[in-house]
Amino acid sequence: QVQLVESGGGSVQSGGSLRLSCAASGGTFSRYGMGWFRLAPGKEREFVAAISWGGGTTGYADSVKGRFTISRDNAKNSVYLQMNSLKPEDTAVYYCAAANGFFATRPTQYSYWGQGTQVTVSS
């Protein structure tokens, strides 16, 4: 059983930056593909970014490509999401998730989820 705890959310103005962190415990972190998803009011859960076991493979939603960067530190059992050039439409609760596989982009591929952290971007 893997436990995930996100941190780093907050309120920023448009164009600003935030760095989300997700700390994992209870499993062999390096054997999980990791991902970030977000949920905005009135919308469906949306894939944001994913990273493979060793970090060599990454993937992004078109809406964040070039602005967000996912990374991981297996020695620290952590995954990160650096968010730059934030826009009001990035406002959402961001969730960290762990998949029992090398790399995954679909929510159904993920077995473990954090509690989420709120990101609010004002114009």
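Is Asp-90 buried or exposed? Select Asp-90: this residue is buried, with a relative accessible area of 0%. Buried means under 20% relative accessible area, exposed over 50%, and partly exposed in between, using a 1.4 Å probe and protein chains only.

Before moving on, note that this is a predicted model, in which local features need pLDDT of at least 70, side-chain atom pairs count only at pLDDT 80 or more, and totals for chains, interfaces and linings use all residues. Residues are numbered from 1 along each chain as its sequence is written, and side-chain values use heavy atoms, with hydrogens and water left out.

**Stop 1: the charged network**

A salt bridge here is a side-chain nitrogen of Lys or Arg within 4 Å of a carboxyl oxygen of Asp or Glu. Asp-90 is in the loop between S8 and S9, while Arg-38 is in strand S4, 52 residues apart. Strands (E, at least two residues) are DSSP runs, numbered from the N terminus.

Arg-67 counts as buried, at 11% relative accessibility.

Finish with Glu-46. Its salt bridge goes to Arg-38, with the closest N and O atoms 2.8 Å apart. Shared partners join Arg-38, Glu-46, Arg-67 and Asp-90 into one network. The structure holds four salt bridges. Side chains of opposite charge can pair when their charged atoms come close.

**Stop 2: the nonpolar core**

Which residues have the most contacts inside the largest nonpolar core? Select Leu-4, Met-34, Trp-36, Val-79, Leu-81, Met-83 and Tyr-94. The core has 37 residues. Such a core is a set of buried Ala, Val, Leu, Ile, Met, Phe, Trp, Tyr and Cys residues joined through side-chain atoms within 4.5 Å. Strands that each supply at least two of its residues include S3 (18–25), S4 (33–39), S8 (78–83) and S9 (92–99). S9 gives the most, with six residues. In soluble globular proteins, nonpolar side chains tend to be buried together.

Contact means heavy atoms within 4.5 Å.

**Stop 3**

Go to Thr-117, in strand S11. At 11% relative accessibility, Thr-117 counts as buried. Turn to its side chain: a polar atom there lies 3.2 Å from the backbone nitrogen of Gly-9. Thr-117 also touches Glu-6, Ser-7, Gly-8, Leu-20, Ala-92, Val-93 and Tyr-94, among others, not counting residues up to four places away in sequence.

From there, step to Ala-92, in strand S9. Ala-92 is buried, with a relative accessible area of 2%. Its contacts, again not counting residues up to four places away in sequence, include Arg-38, Leu-39, Ala-40, Gln-118 and Val-119. Draw a distance from Ala-92 to Gly-8: C-alpha to C-alpha, they are 13 Å apart in space and 84 residues apart in sequence.

**Stop 3: the open sheet**

Color S1, S3, S8 and S7. These four strands form an open sheet in the order S1-S3-S8-S7, with antiparallel pairing. S1 (3–7) and S7 stand at the edges with a single partner strand each, so one side of each is left without a neighbour in the sheet. Neighbouring strands are turned by 15° against each other on average, direction ignored.

Look at S7 and S8. They pair in the antiparallel sense over six bridges. Two strands count as paired if DSSP finds at least two bridges between them. Pick Thr-69: its bridge partner in S8 is Gln-82.

**Stop 4: two positive phi angles**

Select Asn-77, in the loop between S7 and S8. Asn-77 is not a glycine, yet has a positive phi of about 50°. This residue is partly exposed, with a relative accessible area of 28%.

End at Ser-85, in the loop between S8 and S9. Phi of Ser-85 is near 50°, a positive value in a residue other than glycine. At 42% relative accessibility, Ser-85 counts as partly exposed.

Key. Polar contact = N/O pair within 3.5 Å; in protein donor to acceptor, adjacent residues only side chain to side chain. Axes fitted to C-alpha atoms, helices over the stretch in contact; angles between N-to-C directions.
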